[in-house]
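Here are my notes for you to read alongside the model. Keep the 3D view open and look up each spot as we get to it.

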Amino acid sequence: MDGFLLARADSVVRGYGSRMDFDDAQQASAALRTGHAECVVGALPFDPSQPAALTAPERVEHTSGPWRPAALPDLPAVRAVTEIPNPAEHVARVTKLVEQLNDPAQPLRKVVAARSVLAEAESALDPELVAAHLLTRHPRANVFAVDLTPAGRTGAALVGATPEVLIARRGDTVTLRPLAGTMPRGADPDVDAAHARDLLASAKNRDEHAFVIEWIRQRLSPVCAQLSIPDGPELVSASEVWHLATPITGRLRDPAITALDLAVLLHPTPAVCGTPTDLALDVITHLEEDRGFYGGAVGWCDADGDGVWVVAIRCAELSADGRTVRAHAGGGIVAASEPRAELDETTAKLRTLLGGLHCALPVE
């Protein structure tokens with residue numbers, strides 16, 4: 001893939017070609033400030049110490065309204081090959097994390113535990129076509145396709161359909177709607193409604209959500225003169241899961257702070273990493289396989305500082321030849337977590353991406 005796509009319900013941003021590539025967000029931010037780049041697009045990795053995949057495109061195209069692909073050919077058959085770790089191993093990992101989180105002598109309060117599915121396609125998958133299929137299944141999601149070449153992953157691409165905006169900046173106004181706290185949807189309407197009520201009433205999920213909101217408050221308060229945060233979360237429905245969400249609005253003290261600066265400031269949030277962030281990140285990098293860009297951020301920022309960055313969840317990395325897919329999903333682990341329920345949550349989240357590929361999870 002040679003380009004960038006971020007399609008939201010009200011707008012589409014495309015980047016074509018590359019004038020400059022950046023594997024470091026600070027370098028990209030400096031290029032915007034000095035006028036060397038009119039716009040930067042791309043992806044930030046989950047681990048901020050790893051290379052980013054950012055580009056100053058040769059041409060950027062902004063259009064209003066939803067993305068409407070002209071044609072939608074069938075995708076090649078995709079088959080799940082393996083789960084990393086397998087379900088039993090993931091349950092064991094979560095069990096150990098719960099034990100650790102219940103130890104009053106340690107400072108960890110939350111860790112996001114993730115797992116992945118490796119799948120193979122009969123023939124090459126086109127990233128933009130995958131994104132288009134995801135859009136048909138999840139029309140309210142933020143759908144993206146990003147070239148990962150600037151990060152040293154030549155020809156690889158990140159595709160996904162995320163429900164979560166990390167940060168949006170327009171002028172001196174910033175908006176975000178963090179998600180934390182999840183429950184699978186039910187096929188029966190009455191069961192589904194009960195799941196939604198249970199999520200909203202769940203002390204475990206509300207505590208998990210509160211960690212995220214308080215962390216965001218601490219990060220944004222120094223840069224925002226005004227910050228509006230509701231007292232409690234609201235319910236948000238996706239195709240496979242319910243989420244708790246809190247809409248937040250702020251007004252910047254310094255209009256020189258760009259959308260990219262804000263994305264770097266907020267990433268990774270406790271919703272994809274944990275609390276305290278540094279300790280949770282250390283646990284994750286030692287416990288799990290490399291997450292790559294899962295749990296990172298995808299977006300754009302122009303020379304005025306305006307832009308949108310979404311959280312890179314419900315996504316997968318496609319290999320350079322388009323034949324291999326690696327999809328991730330995670331869940332926030334707190335002291336009250338139940339390991340089997342956490343496994344079920346990741347399974348539901350994986351269906352967002354794999355369902356768009358018409359790929360079933362392996363049978364346990």
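1. Helices (H or I, at least four residues) and strands (E, at least two) are DSSP runs, numbered from the N terminus. This is a predicted model, in which local features need pLDDT of at least 70 and side-chain atom pairs count only at pLDDT 80 or more, while totals for chains, interfaces and linings use all residues. Residues are numbered from 1 along each chain as its sequence is written, and side-chain values use heavy atoms, with hydrogens and water left out.

2. Start with Arg93, which sits in helix 2 (residues 87-101). Is Arg93 buried or exposed? Its relative accessibility is 17%, so Arg93 counts as buried (buried means under 20% relative accessible area, exposed over 50%, partly exposed in between, with a 1.4 Å probe and protein chains only). Leaving aside residues up to four places away in sequence, Arg93 touches Pro85, Ala114, Leu287, Glu288 and Glu289 (contact means heavy atoms within 4.5 Å). Arg93 and Ala114 are 21 residues apart along the chain, and 9.9 Å separates their C-alpha atoms.

3. Now for the nonpolar cores, meaning sets of buried Ala, Val, Leu, Ile, Met, Phe, Trp, Tyr and Cys residues joined through side-chain atoms within 4.5 Å. The largest has 77 residues, and Leu54, Phe144, Leu158, Ile167, Val298 and Trp309 touch the most other members. Another core, of 33 residues, lies apart from it and includes Ala131, Leu134, Leu318 and Val325.

4. Next, find the open sheet of three strands, with order 13-16-15 and antiparallel pairing (two strands pair if DSSP finds at least two bridges between them). Strand 13 (179-184) and strand 15 (234-237) are the edges, each pairing on one side only. Strand 15 and strand 16 (residues 241-245) are joined by four bridges, and Ser237 faces Trp242 in strand 16. Helix 4 (residues 189-201) packs on the sheet, touching strand 13, strand 15 and strand 16.

5. Last, a helix pair. Two packed helices are described by the angle between their axes and the distance between the axes. For helix 3 (residues 127-137) and helix 8 (residues 339-356), the axes come within 8 Å and cross at roughly 120° (axes are lines fitted to C-alpha atoms, for helices over the stretch in contact, and angles run from 0 to 180 degrees between N-to-C directions). Helix 3 and helix 8 are therefore oblique to each other (under 35 degrees counts as roughly parallel, over 145 as roughly antiparallel, 65 to 115 as roughly perpendicular and the rest as oblique). Where they meet, His133, Leu134 and Arg137 in helix 3 contact Thr352, Leu353, Gly355 and Gly356 in helix 8.
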